[in-house]
Structure formats: structure tokens, C-alpha cells
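Please open the structure in a viewer and keep the selection tool at hand.

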Amino acid sequence: MTTTIATAKKVPVTVAYGDGIGPEIMDATLRIITAAGAQLDLERIEIGEAVYNKGLSNGIEPSSWESLRRTKVFLKAPITTPQGGGFKSLNVTVRKTLGMYANVRPCASLHPYVSTKHPSMDIVIVRENEEDVYGGIEHRQTNQVAQCLKLISRPGSKRIVRYAFEYARANSRKKVTCFTKDNIMKITDGLFHRTFTEIAAEYPEIENEHWIVDIGAAKLADTPEAFDVIVMPNLYGDVLSDVAAQITGSVGLAGSANIGDYCSMFEAIHGSAPRRAGQNLANPSGLLHGALLMLVHIGQSDPAESAHNAWLRTIEDGIHTYDIYKEGVSKKKVGTREFADAVIERLGQKPTHLKPAEYAKDVHMNLAIRPAGKPPMKLRVGVDIFIDRRDGNPDIIAGAMQLLTVPGTKLTIISNRGTKVWPNGNPDTYWSDHWSCRFETDGTELFTAQHVVKLLEAADRAGFDVIKTEGLYTFNGERGYSLAQGE
Ligand code: NAD
């Protein structure tokens, strides 16, 4: 269902009031930004529980997609995701369907008005939103072992890293930090890190640095003021953006933007808090922050700045909802509606202690995808044949694999869950039922797809339970596959 709420000559925006506390915080947010001068033409769509209950497993009706494609801007209140099988996450569906590749989450503390161990924290997490393990490509091929594919692409990495640097430039941020685990995942995270280094060179005025994610995360939790903008692959970003929001003092205050080339979505980071619904209790600040990011995105920085400063002033004046109310610091405990009224009353004012918000005008981010250079020379050099074998023994498997005798190939290594077990395996290594047998060229001829086919036929005839293969390639001579531990 699509309902047009207002039709003046304004920027079209699709809004969804969501579930639980959603309608109350959306109402408060829209009142504040409208009073601040936002020029919006709102199209309301229904999402969430009611739509799931109609039997639509995505939680969104087909007509709503039309609205999203038309307006290209989505302000979304939280929804309740039904428990149990069959229902898909609406957020993931919308992000992936509409290609929203960047998730942007500013996290700033409001010391001393909201308690935090990090009084001067002011960072922005830029999380890649589509790739990594979030393809959800998982397989279980043996009794004992399951796998999840982690996919990192060069264009995907370029886009998100460029977004982080353009964001930093547009918002006068001084440094972009990259977190990866490329000491272990040298090929996937290594690609992300290398791309970061390449693109950073195009922004000499912005400092750049890279941290291994584990120690980076520890430093983020301990000394967040050492960071400015942090860009990360999807999984690390998912985890650490919540940590970053939490250590500002309250997850309830943060908003986020999901940015794509065509459509973007803005929301609070918290959920629908069903137990607080309908009681005029909820804090609308998270959704308000999502809406401020939206206003900047559609070129309405002035109302965004005005609403943000009035909000800071309200927080500073101690007018707090229950979730941030603290005896001795807060002055007045208010409900959702009264909080919005207090912000509206303060429009035109600035905070006196907290740093006033200042939004750049006419922000232009140059996110055009640059043409890729000449593709590297790709050469097949072997294949990993994975087999399922219970009570296996590497020497016995190697003996049988060596009998496959496909001319031009040789068995070079057998590994079990990434650890070399043949030749010269360590007797203490645990052997699961998931074995990888690597065949490479014996140097007499190039390794072709025909070698793979013949090896698979021979392995099948020999009674091996082949569960998958992975091609081994080099790119301009650089190895495109990992070595086993101990190799
Ligand atoms: P939640 O964020 O809704 O609530 C966690 C805690 O924070 C609760 O104690 C709640 O009362 C409080 N809280 C959250 N937002 C608040 C606000 N604005 N003001 C005051 N207090 C607030 O997380 P949950 O309880 O795990 O999830 C509830 C539902 O929300 C679930 O169905 C979940 O799937 C869904 N959810 C939706 C989104 C989304 O739509 N983006 C995100 C997260 C969770």
C-alpha cells in the first residue's frame, strides 16, 4: 500500500513507520525535521510484521518497491522480525536488492550529559554492506565440516574505500583507518587492504593507516579518540559498529545510512523495542540521527544542522527520555512526544558546551567508478580436490591418489582444514573427514580443464567421495590461492 501524505514541490522520500516503538519515534522525528525546515514529499509504505503476517516472507509488498525505486530515498523505522523459519531479514533484502554498498554510522559521545568512558569520542564507521560472508553461501559437505564462503571483490572494495575517503574529505575528517585480518586471510582481506593502500594514495591530504582487526578493535574499545573514519569489510564492520555505538554511552542514540548508487536507506540502529511500544517512552534520537544523515544526502544540510544543534541543546539542557535519564545529570524525564517538543522549541539555538554540529554545504562526493586497468593474465596451475573420508589416513589417501596417474599432473600436498598432513604431516594434527588433495602441473605441460575432468573421473572410479574442487590460478604470475599451514 502506498499513501501520499503531502504533495508540495519537495524532495520525494519513502517512509515506513515500522513496528513496536517505530510509529512513535517516526512521528517525533518527522515533526522535528519538518519544523527545522526540511522540504520532503513523503510517500508512506507498510513494512514489517503486518506484511510478514500476510505471508510475504520478505516483509515488504511489491508496490513498496515501486515507491523505493521512484523516490530512491528511504527513511525507515525499526521493524519486528518474526521469530522462526521462513522469514527473511527485510534490511538485508532491501540493502542487497537496491545495491546499498556502504553502511555509514557516526558515533559521537555526549559527555557529560550521557555517561561514557570515552568523553571525546567522535568517529564514523564505514562498513562494506554487500560482500564478505554475508552472501550467506554455506555448504555442509561432510558429516563433520561446514563451510561459509567469504567473497571479497576488487570493485566492491574499491567502492567502499573510495566512499570512506570521499566521506572524510566532504566532512573535513582527517584520517581514514582500515581494519582487516590480512595476516591470516592474505588473499581476501589482503585484497581489501591493498585496495585501501592504492586508493589512499589519491587522497594525500587525508592521513591513512591500517590495523589488524583484533588489535584495532581492542584499541577502538580502549581509545576510540585515536580514530576518525574507520573502513572495514562487512563482518568486522557489523560487529564493531555496534561496539562503537555502545561505547559512546547508548546504542539508542545512533543512526545509520545505507548508501547505494541509486537508492539509500536511513534508520536508527536499534530495534523495535516491542516492550516499550505505545507508551510514549521511546527515545527518538536514533531515528532522528538517521533522518539527519538523509537530509545531508538529499542536499538539505541547513535543516539538518539546525535540528542537530537543537537536539544537542535539548540533551545539554538535561531533557532526557528514560533510557538516558540519570539522577544528578538529567533535569527532566520526558516521553517521546515531549522530547520532540523540547527539540522543536530549541530550533535556532546551539549547544553551549557540546561541540555544535556543522554540516558542509553543497557536498559533492566523487564516487564515480574509475575504469579498471588491464585485467591480469590468469593461468590455471592446478586443482584442489576435496574428499569426504571418515577414519582417513593421509599416507593411505596419498597412496591411492597417486595411483590416479593423469599425465601432466602430480599430487603435491594433502591438507585437512587448512593444515598440511601430507607429505611429512605432524602426527598430532587432528584429522576431520574433510580432506583437500592438491594436484599441480608436473612441469611437462600446462594444467588445463581437461586435467581436472580426468582427475575427477579417475578419483570417482577409484571410489573417492569427491565433494568439491577449487581451481588454482596465478594472476600475472602471483599465486591466487593459499598455502596450507605447515606447507
Ligand atoms: P531493541 O533495539 O529493539 O531493544 C534493545 C533494548 O534497548 C531494549 O531494552 C529496548 O527497550 C531498548 N531500546 C531500543 N531502542 C530504544 C529507544 N529508541 N528508546 C528507548 N529504549 C530503546 O532490540 P531487540 O529487543 O533485540 O529487538 C526487538 C525487535 O527489533 C526484534 O524483532 C528484532 O528483530 C528487531 N530489530 C529490528 C531492527 C531494524 O529494523 N533495523 C534492528 C534490530 C532489531
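Predicted model: local features only at pLDDT ≥ 70, side-chain atom pairs only at ≥ 80, totals over all residues.

The domain assignment divides the protein into domain 1 (1-99 + 249-356), domain 2 (117-247) and domain 3 (378-479). Next, select domain 1 and domain 3 together: their C-alpha centres are 54 Å apart.

Select Ile 33 and Leu 75, the residues with the most contacts inside the largest nonpolar core, which has 74 residues. Both domain 1 (1-99 + 249-356) and domain 2 (117-247) give residues to this core, so it lies between them.

Return to Leu 75 and display its surroundings. Which residues does Leu 75 touch, not counting those up to four places away in sequence? They are Val 13, Thr 14, Val 15, Ala 16, Met 26, Leu 30, Phe 266, Leu 287, Gly 290, Ala 291 and Met 294.

The next stop is the ligand. Select the 18 residues around the ligand; Ile 79, Gly 271, Ala 273, Asn 283 and Tyr 322 come nearest. By class, this shell comprises seven nonpolar, seven polar and four charged residues.

Finally, inspect individual atom pairs. At Asn 283, a backbone N or O atom lies 2.8 Å from a nitrogen atom of the ligand. At Ser 272, a backbone N or O atom is 3.0 Å from an oxygen atom of the ligand. At Glu 267, a polar side-chain atom lies 3.4 Å from a nitrogen atom of the ligand. To end, display the surface of the ligand: taken alone, the ligand exposes 810 Å², and the protein buries 66% of that.

Terms used. Residues numbered from 1 in each chain as written. Heavy atoms only, no water. Core = buried A, V, L, I, M, F, W, Y, C linked by side-chain atoms within 4.5 Å. Buried < 20%, exposed > 50% of the residue type's maximum accessible area, 1.4 Å probe, protein only. Domains from an automatic or database assignment. Contact = heavy atoms within 4.5 Å. Near = heavy atom within 4 Å. Polar contact = N/O pair within 3.5 Å; in protein donor to acceptor, adjacent residues only side chain to side chain. Areas by Shrake-Rupley, 256 points an atom, 1.4 Å probe, with all protein chains shown as cover. Nonpolar A, V, L, I, M, F, W, Y, C, P; charged D, E, K, R; others polar.
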